[in-house]
Every structure is written in structure tokens, then in C-alpha cells.
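Subject: Structure for you, with notes

Hello,

Here is the structure I promised to pass on.

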Amino acid sequence: MEEQVANVVVGGVVSWTMGFLMMRKSFPKRSFDFCNRTVSTIHATLAVILASLSVQDWTSPISPLASKPSPRQARALAVTLSYLIYDLVCGLFDKKVNVDNLIHHFVSITGIGAGLVYQKCGSEQVAALWITELSSPFLHMRELLKELGYRDTDLNLAADIAFAVIFSIARMVGGPYLTFKTLSADNPFIIKVMALGLQLVSAFWFYKIARMVKYKLTKRTASKKTD
């Protein structure tokens with residue numbers, strides 16, 4: 001299975017890169033960020049589907065703990081690992097390097113890679129994949145809508161709120177529970193460290209998102225009062 005995983009990762013990196021280059025070719029007037037976020041939206045949707053399909057028992061989705069990844073789980077993790085490698089490198093070529101994103105990708109790549117190498121933590125990592133990518137389409141939709149001319153519209157605000165709500169519930173309710181389970185199980189130390197690191201990054205982003213939503217709602221209320 002290790003060779004199959006390696007093939008998926010290598011093939012995935014090539015595929016995501018080709019997808020991005022095709023977007024740049026097809027939409028030359030759109031920004032670098034727009035094309036990359038379109039690819040990211042495709043990945044997020046695919047990741048949630050693959051993670052959902054790989055769950056062995058929906059009555060206890062993170063069981064068995066500290067177990068060897070099943071073939072479906074390994075495939076889901078390998079696809080996302082390939083995307084993270086692509087996106088990490090792609091982000092370095094953008095005009096503005098996002099340090100938060102680089103840290104998140106480094107932690108995620110290390111964690112997923114360790115799980116695949118040690119053949120442990122399959123259920124927990126797939127659950128983490130599902131939790132972290134569930135809000136991603138709305139994250140990217142916010143920025144895509146702005147470039148399409150829908151900045152400060154009801155549609156853009158709806159995308160902001162949907163992203164904030166899904167992120168908050170998934171990462172700040174499901175995330176801590178999953179982190180606790182991962183730390184409590186018989187997983188390699190590096191996986192535990194990366195799980196804790198990912199939760200800390202999520203908590204930091206939650207703080208920034210809460211400030212963003214407060215600002216948007218305050219701005220919206222003020223603009224309505226002046227109309």
C-alpha cells in the first residue's frame with residue numbers, strides 16, 4: 001500500500017499543479033489568488049467526499065483509535081497530502097506570503113505524513129480532514145465573490161457568516177474533542193504534537209474570524225443607519 005500512497009501523492013501534486021496552470025491559462029484576467037482558490041475549493045469538496053466515504057462506522061466515526069489507515073483512508077489522506085504540498089509551494093510564488101497558512105500546511109503535512117509512515121491514526125486523521133475542510137469551500141467563496149464584484153453585498157456577507165459558523169462548530173467543538181482523543185490514544189508522539197499544533201492554529205484563526213465577523217456586522221449596521 002505504501003507504493004500506492006506514494007503514487008497518489010506524486011500524481012496528485014502534478015494534477016493540482018496542472019489544474020492551477022489550466023486555470024491561469026483559461027482565465028488570464030483573474031488573479032493568481034483567484035485561480036489558486038478555485039483549485040483549493042475543488043480539493044476541499046473532494047476531501048470531504050473522500051473522508052466521508054472512508055469512515056468505517058458512522059455510529060463511531062473516529063473508531064478504531066490509533067489504527068492502521070484502511071485503503072480508503074490512506075487514499076483520502078494521500079490526496080490531501082498532495083494538495084497541501086502543491087499549495088505550500090504555490091503560496092511561495094504569490095505576491096503576499098501568508099505565514100499563518102504556511103504554518104498550518106507544515107503542521108498538516110508533517111502530521112499526515114507521519115500517520116502514513118507509521119501506519120497509525122487512520123480514523124483520527126480522516127476525522128481531522130473532514131473537520132478542517134468542511135468550512136474551506138465557504139472560506140474560498142468569500143474571496144472569489146469579492147473578485148467577481150460582490151464585495152460588501154448580502155451574498156458576500158452570507159458566505160462570511162456561513163464560513164464563520166461552520167468553522168466555529170467544526171474546529172472549536174469537534175476539534176478539541178478529536179484532539180483529546182488523539183492525545184489519549186496510543187499514537188506516535190509526533191502525531192500528538194501535530195494534532196495539538198493544528199488545534200492551536202485553529203484557535204488562533206477562530207479569534208481572527210470572530211473579529212472579522214464583528215467588524216462586518218458593525219459596518220453593516222452603521223451603513224444601514226446612515227441610509
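A salt bridge here is a side-chain nitrogen of Lys or Arg within 4 Å of a carboxyl oxygen of Asp or Glu. Before I use that, a word on where the numbers come from. This is a predicted model, in which local features need pLDDT of at least 70, side-chain atom pairs count only at pLDDT 80 or more, and totals for chains, interfaces and linings use all residues. Residues are numbered from 1 along each chain as its sequence is written, and side-chain values use heavy atoms, with hydrogens and water left out.

**Salt bridges**

The structure holds 6 salt bridges. Arg142 pairs with Glu143, their closest N and O atoms being 3.7 Å apart. Glu143 also meets the side chain of Lys146, at 3.4 Å from N to O. Glu143 and Lys146 are 3 residues apart in helix α6 (residues 136–150), so about one helical turn separates them. (Helices are DSSP runs of H or I with at least four residues, numbered from the N terminus.) As a reminder, an α-helix has 3.6 residues a turn, so residues three or four places apart point the same way.

How exposed are these side chains? I call a residue buried under 20% relative accessible area, exposed over 50%, and partly exposed in between, using a 1.4 Å probe and protein chains only. Arg142 counts as buried at 8%, and Lys146 is buried at 18%, whereas Glu143 is partly exposed at 23%. These residues belong to a network of salt bridges that links Arg142, Glu143, Lys146, Asp160 and Lys216.

Another salt bridge joins the side chains of Asp100 and Lys208, at 2.9 Å from N to O. This pair links distant parts of the chain: Asp100 sits in helix α4 and Lys208 in helix α8, 108 residues apart. Asp100 is partly exposed, with a relative accessible area of 21%, and Lys208 is partly exposed too, at 40%.

**The cavity**

For the spaces inside and around the protein, I used a 1 Å grid over the protein atoms alone. On that grid, a cavity is a set of points where a 1.4 Å probe fits but cannot get out, while a pocket is an open set with protein on both sides within 12 Å along at least five of seven lines; lining residues have an atom within 4 Å of a point. Grid points are joined across faces, edges and corners, and a volume is the space filled by probe spheres set on the points.

The count comes to 1 cavity of 30 Å³ or more, and about 400 Å³ of space lies in the largest cavity. It is lined by 27 residues, of which Gln125, Ala128, Leu129, Thr132 and Leu198 are the closest to its centre. Helices α3 (71–92), α4 (99–118), α5 (122–133), α7 (154–184) and α8 (189–226) each give two or more residues to this lining, and α5 supplies the largest share, 7 residues. By class, the lining has 13 nonpolar, 11 polar and 3 charged residues. For these classes, Ala, Val, Leu, Ile, Met, Phe, Trp, Tyr, Cys and Pro count as nonpolar, Asp, Glu, Lys and Arg as charged, and the others, Gly among them, as polar.

Helix α5 is mostly covered, with 10 of its 12 residues buried. Among them are Gln125, Leu129 and Thr132.

The largest pocket has a volume of about 1200 Å³. Of its 42 lining residues, Arg37, Asn98, Asn101, Leu139 and Glu143 are the closest to the centre. Helices α2 (32–54), α3, α4, α5, α6, α7 and α8 each supply at least two residues of the lining, which has 15 nonpolar, 13 polar and 14 charged residues.

What volume does the second largest pocket have? The figure is about 290 Å³. Of the 17 residues that line this pocket, Pro61, Ala127, Trp130, Ile131 and Gly174 are the closest to its centre. Both α5 and α7 supply at least two residues of the lining, and the largest share, 7 residues, comes from α7. By class, the lining has 16 nonpolar, 1 polar and no charged residues.
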